Amino acid sequence: MCALWRQTEDLEALIAEFQTLDAKKTQVIETSCPPPSPRLNGSLSAHPEKDELILFGGEYFNGQKTYLYNDLYVYNIRKNSWTKVEIPNPPPRRCAHQAAVVPTAGGQLWVFGGEFASPSGEQFYHYKDLWVLHLATKTWEQIKASGGPSGRSGHRMVACKRQLIIFGGFHESARDYIYYNDVYAFNLDSFTWSKLAPSGIGPAPRSGCQMATTPEGSIVIYGGYSKQRVKKDVDKGTLHTDMFLLKTEGSGKEEDKWVWSRLNPSGVKPTPRSGFSVAIGPNNRSLLFGGVHDEEEEESIEGDFFNDIYFYDTGKNRWFPGQLKVPKSEKRKRRRGRQAETDGGDDEVEKQAPQGPVEIVKEVVAEDGTVMTIKQVISGPADEKERSESEEEEEDGALGPQVEPCPRSNAMLAVKHGVLYVYGGMFEVGDRQFTLSDLYSIDLHKMEEWKVLVEIDPKTQEWLEESESEEEEDDVEGAEGGEEEESSEEDSEDEGGEEQHPSVQPDEKHADYLSRTEQYWIKVARSNMGPDAKEKKVVKVAHAMAKTFYEDSI
């Protein structure tokens, strides 16, 4: 217990040291800057009055050290530019907090909770503080009110009828952890906390769920993650896929009774996952993006990352996946093409729009020379063969492979004017964590295409291997094998690396390029996927790689 107290005191001293440095800032300083550094578990919020997004906090891990942030960035949507805003006396550095915007007095950004980690990433301090950023005056204010939630991170918070509602989360120490399913309300008029005691059966304790409000002032909870200790030093994780409604029996006042009820939505629910990101879209639809499904092996965890969107229609109590649609101009081209082309030109269209899911493989070379292979699965048109031509035109079938964010978890989302913005997050390649600093957008009204606003910058990728790990000491042969495998990968890069791929000839069409280089790409795909991969899937990946390289070259 004494050791635990010492750890907590050490972290509090570290936090206090950072706050002392922050206290030296006495005036607001706004500086134009490049995009923020890679991070995850920060907050991205839409300004209620301006065409701006506000990024606060987050974390970054480089393999050896954990970095926490409390910097504030503003993204100007119209100019596609970033500004760093340094404001005196900000909240301490944190990640996995929650932020909610209300339109009061020119806009307020409310921040609650989150966690601070030691540089080693082995000790955690969970905040229970509440802050408000007054957007009009650019001032931070800490709100000190008793009776609020205990320290936690991974919770969810929404603004609902002049209240902030907080649900769930977890607290972790060096010895133990606990997950919550309690509900608190903070009154934005009286600045007081109250713990709600809803009747009915509510969600089990969890963190990282989806929490959204309905037009009627009710709250929807979906999914989340929790873990339980099944025996000493053995934990079992649970991906929740259930759904609940929290509503008031009355006029929505603070003293009204709250009631939990179970929801059984129709439609196509998201596949089980954790680490997904959430936002509120247009037309009373909440949405979730990305996430990861961890496959727990005997000695390791292999993550399957996602980059898909799912919408939940609160009015219809229905889930449906967000698929890209064919732009109207493209549909007109296709109709004209079907009427005029009789010389086999449609074959190219068919090749460019595969019928089933396609796995795209991209290679990104980090500054240290590490080749990161990014895999993403893109859905093809559903049951295309069973549709008539008119049905296809009416339903706007999904397009073939397009530009889109790579799969990731713990990204930051915001919606402004019906446009979804996705910033940062992370995914894993083997034992390496790849933290992102890219920015994408998509018009949720049209759902036609993703736009790249900030691309992945390989120079921001740093990964430091742990020095002299026990595994290396115990198994020298295994370490040497890893080195040999790495050198063989470097050799293959020299022979057929990104710069050595067959180049696209001037005015060469995609179909011609694929026909000329198909065997080469099959060989590259096979080396990526291993000898046990099915031939059909290898060919699909090869075609996808060729198409990606072709599009990047023209």
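Residues are termed buried when under 20% of their relative accessible area remains, exposed when over 50%, and partly exposed in between (1.4 Å probe, protein chains only). The legends describe a predicted model, in which local features need pLDDT of at least 70 and side-chain atom pairs count only at pLDDT 80 or more, while totals for chains, interfaces and linings use all residues. Residues are numbered from 1 along each chain as its sequence is written, and side-chain values use heavy atoms, with hydrogens and water left out.

**View 1. Salt bridge between R94 and D129.** The two side chains meet at 2.8 Å, N to O; a salt bridge is a side-chain nitrogen of Lys or Arg within 4 Å of a carboxyl oxygen of Asp or Glu. Because R94 lies in the loop between β5 (81–86) and β6 (98–102) and D129 in the loop between β9 (124–126) and β10 (130–134), the pair ties together parts 35 residues apart in sequence. Helices (H or I, at least four residues) and strands (E, at least two) are DSSP runs, numbered from the N terminus. Both R94 and D129 are buried.

**View 2. Salt bridge between R162 and D189.** The closest N and O atoms are 3.0 Å apart. This pair links distant parts of the chain, 27 residues apart: R162 is in the loop between β12 (156–159) and β13 (163–172), and D189 in the loop between β14 (177–187) and β15 (192–196). R162 is partly exposed, at 35% relative accessibility, whereas D189 is exposed, at 56%.

**View 3. Salt bridge between D438 and R408.** Here the closest N and O atoms lie 2.7 Å apart. D438 is buried at 0% relative accessibility, and R408 is likewise buried at 0%.
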